[in-house]
Amino acid sequence: MDETRTNDNVVHRCTYHVVWRPKYRRKVITADVDTRLKQIIREVCDERNAPVTELETMPDHMQLLVT
């Protein structure tokens, strides 16, 4: 996923590491929440043309690496 993007006058590669966690790191990401959360994130990233490099969920937080 070492993809370089171009525009009319710009060449860029921008990757973001995003971590979401609930307050006090409560373990709220259960199996149902995990499935729906991944689905929503993939839909939004597809709409924005932002490929998901990695997506990992734990019971108390979620990590996302998106380009």
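A: Let us begin with two terms: contact means heavy atoms within 4.5 Å, and helices (H or I, at least four residues) and strands (E, at least two) are DSSP runs numbered from the N terminus. This is a predicted model, in which local features need pLDDT of at least 70 and side-chain atom pairs count only at pLDDT 80 or more, while totals for chains, interfaces and linings use all residues. Residues are numbered from 1 along each chain as its sequence is written, and side-chain values use heavy atoms, with hydrogens and water left out.

Q: OK, what covers the buried residues of H1?
A: The cover includes strand E3 (16–20), together with E4 and E5. Buried here means under 20% relative accessible area, exposed means over 50%, and partly exposed is in between, with a 1.4 Å probe and protein chains only.

Q: And which residues in H1 are buried?
A: They are Asp-34, Ile-41 and Cys-45. These residues cover an arc of only 40° around the axis, so they sit on the same side of H1; the arc is that of the directions from the helix axis to the C-beta atoms.

Q: Which exposed residues are on the face turned away from that side?
A: That face of H1 carries Asp-32, Thr-35, Asp-46 and Glu-47, which are exposed.

Q: What span should H1 have, and how far apart are its ends?
A: The 17 residues of H1, at 1.5 Å a residue, should span 24 Å, and the end C-alpha atoms are 25 Å apart, which agrees. The expected span is 1.5 Å times one less than the number of residues in the helix.

Q: Switching topic, which residues make up the largest nonpolar core?
A: There are nine in all, namely Ile-29, Ile-41, Cys-45, Ala-50, Val-52, Leu-55, Met-62, Leu-64 and Val-66. Helix H1 (31–47), strand E4 (52–57) and strand E5 (62–66) are the elements that give two or more residues to this core, and E5 gives the most, with three. A nonpolar core is a set of buried Ala, Val, Leu, Ile, Met, Phe, Trp, Tyr and Cys residues joined through side-chain atoms within 4.5 Å.

Q: Why would residues like that gather?
A: In soluble globular proteins, nonpolar side chains tend to be buried together.

Q: What does Leu-64 touch?
A: Not counting residues up to four places away in sequence, Leu-64 touches Tyr-16, His-17, Val-18, Trp-20, Ile-41, Val-52, Glu-54 and Leu-55.

Q: How many salt bridges does the structure hold?
A: It holds two, where a salt bridge is a side-chain nitrogen of Lys or Arg within 4 Å of a carboxyl oxygen of Asp or Glu. One of them joins the side chains of Arg-25 and Asp-60, at 3.3 Å from N to O. Arg-25 lies in the loop between E3 and H1 and Asp-60 in the loop between E4 and E5, so this pair ties together parts that are 35 residues apart in sequence.

Q: Is Asp-60 buried or exposed?
A: Asp-60 counts as buried, at 15% relative accessibility, whereas Arg-25 is partly exposed, at 38%.

Q: What else does Asp-34 do with its side chain?
A: The side chains of Asp-34 and Thr-57 are joined by a polar contact of 2.3 Å. A polar contact is a pair of N or O atoms within 3.5 Å; within protein, one must be able to donate a hydrogen and the other to accept it, and residues adjacent in sequence count only if both atoms are side-chain atoms.
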